[in-house]
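Please consult both while reading the notes.

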Amino acid sequence: LRSATRAALAFNPVQRLRGGSDKQKEELVAARKEIWDLCEEKNCNPVLVRLGWHDAGTHDVNIKEWPKCGGAIGSIRFKPEIEHGANAGLADVVKMLEPIKDKYKSVSWADIFQMGGAVAIEHAGGPKIAMRYGRVDGPDPKACSPQGNLPDAEPNDKGVYGGAGGTASTEAKEPGDHLRKVFYRMGMDDKEIVALSGAHTLGRAWKDRSGLGADKTKFTDGSATVRNDGKAGCGKTGGSSWTEKWLKFDNSYFKVVSDDKADKELLKLSTDKVLFADAGFKKYAEKYRDDEKAFFSDYAAAHKKLSECGAKFEPEGGIALD
């Protein structure tokens with residue numbers, strides 16, 4: 001392993017380990033350390049979160065057969081899933097993680113993807129997530145979920161969100177109804193929808209991926225300090241962010257979305273604004289805006305649940321590193 005930075009030293013790999021073989025435990029700890037270093041060096045936190053979410057977010061709780069149920073099974077590494085429109089740009093992230101996977105062969109792709117998201121959140125100043133590992137990979141492209149299981153941020157030219165594709169229709173004329181169709185299918189509730197939405201405090205929207213946002217803003221052109229630790233750097237410049245410090249995990253997203261006077265260069269999409277307009281979402285959005293500790297607690301629980309959607313663990317109880 002490369003020598004640790006001060007921040008990584010605080011991320012102590014010598015921790016209590018439960019379940020799994022000694023070699024697998026050692027390789028999981030080493031892989032986690034290398035993903036931490038990737039975040040430190042490449043400012044890749046947002047895309048690691050997106051990759052983990054998009055692998056897990058295909059899950060359909062109503063399908064009991066594995067791996068047809070989708071979810072955190074590593075199937076996003078295969079075509080055609082990696083080429084789905086919602087996954088634009090993620091093939092490069094999978095490629096970035098290949099040296100780690102090649103080095104630590106006992107660690108599954110599904111674990112690498114979910115580990116990446118959890119480490120990225122913590123590295124950016126967010127909560128430590130009580131992850132389990134030992135996920136079994138979907139074995140081949142037949143494990144890929146059909147296109148259409150992930151959410152849309154804006155409606156199509158007919159004013160409709162989602163579509164009839166995927167394992168169940170996500171079509172809706174209102175953004176809140178669309179979000180519920182997507183996340184209820186995964187087994188999530190309104191509180192978890194809002195908590196998970198708060199991860200948009202990280203990252204940016206790109207025209208060449210989602211078709212949304214600007215080419216660049218004053219927060220994404222490389223001139224602003226955006227990291228949690230105040231260091232310089234932001235990775236590739238461009239795109240539109242939801243928050244000013246879009247490499248810092250906090251509750252800024254909820255503050256921006258609810259503030260009519262927020263900087264106009266910050267992104268507010270229909271599926272963001274509905275969190276403060278829909279009665280079922282609003283109470284949670286307001287709570288998280290006003291209480292970062294509550295947001296961190298609920299977010300960590302929701303992220304853990306998402307990371308286990310559809311997953312099959314070997315050993316059955318999974319492997320805990322903390």
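The structure is a predicted model, in which local features need pLDDT of at least 70, side-chain atom pairs count only at pLDDT 80 or more, and totals for chains, interfaces and linings use all residues. Residues are numbered from 1 along each chain as its sequence is written, and side-chain values use heavy atoms, with hydrogens and water left out.

**Helix H11**

- Helix H11 spans residues 292-307, and its 16 residues reach 22 Å from the first C-alpha to the last. Helices (H or I, at least four residues) and strands (E, at least two) are DSSP runs numbered from the N terminus.
- That reach is close to the expected 22 Å, the expected span being 1.5 Å times one less than the number of residues.
- Buried residues of H11 include Phe 295, Phe 296, Tyr 299, His 303 and Leu 306; buried means under 20% relative accessible area, exposed over 50%, and partly exposed in between (1.4 Å probe, protein chains only).
- Among the elements covering the buried residues of H11 are helices H3 (45-56), H5 (109-123) and H10 (279-290).
- The N-terminal end of H11 is capped by Asp 291, which has a side-chain oxygen 3.2 Å from the backbone nitrogen of Lys 293.

**Gln 114**

- Gln 114 belongs to helix H5 and is buried, with a relative accessible area of 2%.
- Leaving aside residues up to four places away in sequence, Gln 114 touches Gly 52, Asp 55, Ala 56, Ala 72, Met 131, Arg 135 and Ser 307; contact means heavy atoms within 4.5 Å.

**Lys 312**

- Lys 312 sits in the loop between H11 and strand S4 (319-320), and is partly exposed at a relative accessible area of 35%.
- Its contacts, not counting residues up to four places away in sequence, are Trp 66, Gly 134, Arg 135 and Val 136.
- The C-alpha atoms of Lys 312 and Val 47 are separated by 24 Å, and the two residues are 265 residues apart along the chain.

**Cavity**

- The structure holds one cavity of 30 Å³ or more; on a 1 Å grid over the protein atoms alone, a cavity is a set of points where a 1.4 Å probe fits but cannot get out, and lining residues have an atom within 4 Å of a point.
- The largest cavity has a volume of about 70 Å³.
- Its lining comprises 10 residues, of which Arg 32, Ala 118, Glu 122, Lys 128 and Ile 129 lie nearest the centre.
- H5 supplies the largest share of this lining, three residues.

Technical notes:
Polar contact = N/O pair within 3.5 Å; in protein donor to acceptor, adjacent residues only side chain to side chain. 1 Å grid on protein atoms, 1.4 Å probe; cavity = no way out; pocket = protein on both sides within 12 Å on 5 of 7 lines; lining within 4 Å. Points joined across faces, edges and corners; volume = space filled by probe spheres on them.
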